[in-house]
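Please look at the structure below and keep it in view while reading. The paragraphs that follow begin with one residue and then widen to the whole chain.

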Amino acid sequence: MARIKGAQNRTTRKRKLMARAKGFHGTRKNTLRQAHQAVMKAQSYAYRGRKERKRLFRRLWIVRINAALNDHDIRYGQFIHGLKLAEIDINRKILADLALTDPAAFAVIVGQAKAAIA
């Protein structure tokens, strides 16, 4: 029975690791141990960043909606409460987009929210 050699597997594993470390600076891009540590750290940052991106976009949408609401004399919290009372289910992403691209449609929604509060 032939003996099993691991050179091919090791080479493939190294090649994949070095491909993931491409673009890193210094020994992090060409030394096996440094590259492995750098790639592991980068993967943990990437995982965390995917979660953080969702929070950042929600904050951005809220800021944009609030800025658009300044013209209509209503606060953000009151507006959201009015939307719930009026049973208007539009998410913040769409509201922020409407505030930027179609102020007339946004004004209609604000009017409905104000009417629901009063």
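Predicted model: local features only at pLDDT ≥ 70, side-chain atom pairs only at ≥ 80, totals over all residues.

**A walk through the chain**

Gln-112 has a relative accessibility of 42% and therefore counts as partly exposed, a class that lies between buried, which means under 20% relative accessible area, and exposed, which means over 50% (1.4 Å probe, protein chains only). This residue lies in helix α5, where helices (H or I, at least four residues) and strands (E, at least two) are DSSP runs numbered from the N terminus. Not counting residues up to four places away in sequence, Gln-112 touches Ala-86 and Ile-88, a contact being heavy atoms within 4.5 Å. Between Gln-112 and Val-63 there are 49 residues of separation in sequence and 21 Å in space, C-alpha to C-alpha.

Residues are numbered from 1 along each chain as its sequence is written, and side-chain values use heavy atoms, with hydrogens and water left out.

How many helices and strands does the protein chain have? Its secondary structure comes to 5 helices and 0 strands, and reading along the sequence gives the pattern α-α-α-α-α. The C-alpha atoms fill a box of roughly 85 × 35 × 20 Å along the principal axes. The radius of gyration of the protein chain, taken over C-alpha atoms, is 26 Å, whereas a compact globule of 118 residues would have a value near 13 Å; the globule rule is 2.2 Å times the number of residues to the power 0.38. Of the 118 residues, 19% count as buried. Among contacts with a separation of 6 or more, 48% come from residues 24 or more positions apart.

Now turn to the largest nonpolar core, which has 17 residues, and in which Ile-65, Leu-69, Phe-79, Leu-83, Leu-95 and Phe-106 touch the most other members. The elements that give two or more residues to this core are α2 (32-69), α3 (76-85), α4 (92-101) and α5 (103-117). By a nonpolar core is meant a set of buried Ala, Val, Leu, Ile, Met, Phe, Trp, Tyr and Cys residues joined through side-chain atoms within 4.5 Å. Leu-83, when its neighbours within four places in sequence are left aside, is in contact with Ile-88, Leu-95, Ile-109 and Ala-113.

The loop between α2 and α3 holds Ile-74 and also Asp-73. Leaving aside neighbours within four places in sequence, Ile-74 is in contact with Leu-69, Phe-79, Val-110, Lys-114 and Ile-117. Asp-73, although not a glycine, has a positive phi of about 55 degrees.

A positive phi is also found at Glu-87, a residue other than glycine, with a value near 55 degrees. Glu-87 is placed in the loop between α3 and α4, and it counts as exposed because its relative accessible area is 68%.
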